[in-house]
Amino acid sequence: MSAISLRIDLEAGVRIGPGKVELLELIAAHGSISAGARLMNMSYRRAWMLIEEMNQLFRKPVVLARKGGQRGGGAELTPVGLAIVARYRAIERAAEAAAAPHVAALRREIGSG
């Protein structure tokens with residue numbers, strides 16, 4: 001199976017790639033940074049650092065985290081976070097569609113397609 005992996009370098013130091021997008025998707029799905037990190041076999045500290053990095057790089061926060069307590073903690077994507085995921089996935093689909101004939105040709109060259 002062939003796959004294209006994208007990393008988008010927007011400006012110096014501003015990068016969005018499959019790992020950050022997957023983390024954002026898992027946070028959106030589970031309402032928790034720790035759950036997202038756990039599902040990616042990533043430390044909570046690493047996940048928190050990635051979220052903080054994204055929150056600083058974009059004009060508005062990407063993830064809002066709520067501290068624990070009686071109601072429990074949690075996290076959710078902001079409209080900016082949701083837009084990042086949607087745009088990244090749209091770019092990914094467009095790149096895969098554009099690359100498909102070339103990937104098929106490469107697979108034929110190695111005898112797997």
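The legends below describe close-up views of a predicted model. Residues are numbered from 1 along each chain as its sequence is written. Local features need pLDDT of at least 70 and side-chain atom pairs count only at pLDDT 80 or more, while totals for chains, interfaces and linings use all residues; side-chain values use heavy atoms, leaving out hydrogens and water.

**View 1. Helix α1 against helix α3.** Helix α1 covers residues 18-30 and helix α3 covers residues 44-57. Helices (H or I, at least four residues) and strands (E, at least two) are DSSP runs, numbered from the N terminus. The axes of α1 and α3 come within 11 Å and cross at roughly 100 degrees, which makes α1 roughly perpendicular to α3. Axes are lines fitted to C-alpha atoms, for helices over the stretch in contact, and angles run from 0 to 180 degrees between N-to-C directions. Angles under 35 degrees count as roughly parallel, over 145 as roughly antiparallel, 65 to 115 as roughly perpendicular and the rest as oblique. On the α1 side, Lys 20, Leu 23, Leu 24 and Ile 27 meet Ala 47, Leu 50, Ile 51, Glu 53 and Met 54 of α3. Contact means heavy atoms within 4.5 Å. Sorted by class, this contact has 7 nonpolar, no polar and 2 charged residues. Ala, Val, Leu, Ile, Met, Phe, Trp, Tyr, Cys and Pro count as nonpolar, Asp, Glu, Lys and Arg as charged, and the others, Gly among them, as polar.

**View 2. The largest nonpolar core.** A nonpolar core is a set of buried Ala, Val, Leu, Ile, Met, Phe, Trp, Tyr and Cys residues joined through side-chain atoms within 4.5 Å. Buried means under 20% relative accessible area, exposed over 50%, and partly exposed in between (1.4 Å probe, protein chains only). The largest core has 22 residues, of which Leu 23, Leu 24, Ile 27, Met 42, Ile 51 and Val 63 touch the most other members. Two or more residues come from each of α1, α2 (33-39), α3, β4 (74-77) and α4 (79-109), and α1 gives the most, with 5 residues. Leaving aside neighbours within four places in sequence, Leu 23 is in contact with residues including Gly 36, Met 40, Met 42 and Leu 50.

**View 3. Ile 27 in helix α1.** Ile 27 is found in helix α1 and, at 0% relative accessibility, counts as buried. Not counting residues up to four places away in sequence, Ile 27 touches Ser 32, Ile 33, Ile 51, Val 63, Ala 75, Glu 76 and Leu 77.

**View 4. The aromatic pair of Tyr 44 and Trp 48.** A search of the whole structure finds 1 aromatic pair. The ring centres of Tyr 44 and Trp 48 are 6.4 Å apart and the planes are at 15 degrees, so the pair is stacked. Rings of Phe, Tyr and Trp (its six-membered ring) pair if their centres lie within 6.5 Å; planes under 30 degrees apart count as stacked, over 60 as edge-to-face and the rest as tilted. Both residues lie in helix α3, 4 residues apart, about one turn of the helix. Tyr 44 is partly exposed at 45% relative accessible area, and Trp 48 is partly exposed at 32%.

**View 5. Asn 41 in a loop.** Asn 41 lies between α2 and α3 and is exposed, with a relative accessible area of 76%. Its phi is near 55 degrees, a positive value in a residue other than glycine. Most residues other than glycine have a negative phi.
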